[in-house]
Amino acid sequence: MTIAETRSELREALSAWDDPALEYAFVPTMGALHAGHLRLVAEARAAYGRVVVSIFVNPTQFDRAEDLERYPRQFSKDAEMLGEAGADVLFAPRVDEIYPPGTTTSPLPDLRGLDARYEGTMRPGHFAGVVQVVRRLVELVQPAAMFMGQKDAQQVAVLRQAAHAEAWPLQIIAVPTVREASGLAMSSRNGQLSEAGFAKAAQIHTSLAEAVERWRGGESAGAISLSAKRALETAGFGPEYFDLVYASDFSPVAADANLTTVREPLLWIVVAWYEAVRLIDNMPVL
């Protein structure tokens, strides 16, 4: 695996391939890798044969300075994991490679309101930062496809809309969430939990599974949401939201809606705090 830290080193690594005309895939990450990231690499490699992975902790998508400071960094371990997973190129740029001095913020494309709901409201400026950095990474890497985890479903939807609006020349492929044996969605933030907190956090997945079953049983979206949030609060979590949304645009399903009145693809989405760690997850309603 080749490690590139600058734009020129990245271009050299990509041009060194025997047939540079062959398509390749891209997996953007912020490091602190786990099995979920390695699944993305495996899926990308199976589909395209060659994979570029980036590690870049993007400062523009953090709405709180303390979150940026706390974000786990383990570059040597990450590089070793990626090499073993079969990544071909690791692009690990400094901030000034992505945002050179004098860089100005480009206008956002029309995101159809996706950036003004849920994560867009809870984390002001987050999606603007995500679109900015992924746009820049895509321009530098020039992949045929980008692989992302379904755990961050709203982020995937935002980037798909940005790609459509700006005609990015690539596919965006979402890979199902990789979970711990307990059901907890794998996340770089899970390492900030205590051993007891890590076990407790599995209740988020349990709550989602119960919400799906209750919806299938005919209960209303509002009733399920309310009881799920109360159950999490009773268990010591601090839920920000637990809602049923339309998968297409993340607009909320009406509180009185039930299985007989809504037939479109839906997602139960949740964010809840535990031990000062913000945990996010979702589950589709088929």
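Two strands are said to pair if DSSP finds at least two bridges between them. Helices (H or I, at least four residues) and strands (E, at least two) are DSSP runs, numbered from the N terminus. Keep in mind that this is a predicted model, where local features need pLDDT of at least 70, side-chain atom pairs count only at pLDDT 80 or more, and totals for chains, interfaces and linings use all residues. Residues are numbered from 1 along each chain as its sequence is written, and side-chain values use heavy atoms, leaving out hydrogens and water.

So what is the protein built from? Eleven helices and nine strands. Its radius of gyration, taken over C-alpha atoms, is 19 Å, close to the 19 Å that the globule rule (2.2 Å times the number of residues to the power 0.38) gives for 286 residues, so the protein is as compact as a globular protein of that length. Along the principal axes, the C-alpha atoms fill a box of roughly 60 × 40 × 40 Å.

How much of the protein is buried, meaning under 20% relative accessible area with a 1.4 Å probe, protein chains only? That would be 52% of the 286 residues. As for contacts (heavy atoms within 4.5 Å), among those between residues at least 6 apart in sequence, 75% join residues at least 24 apart.

Now zoom in on strand 7, residues 238-246. Seven of its nine residues are buried, so strand 7 is largely enclosed by the rest of the structure. Eight bridges tie strand 7 to strand 8 (residues 266-274), and the two run antiparallel. Across that pairing, Phe-242 stands opposite Val-270 in strand 8.

How values were computed. Buried < 20%, exposed > 50% of the residue type's maximum accessible area, 1.4 Å probe, protein only.
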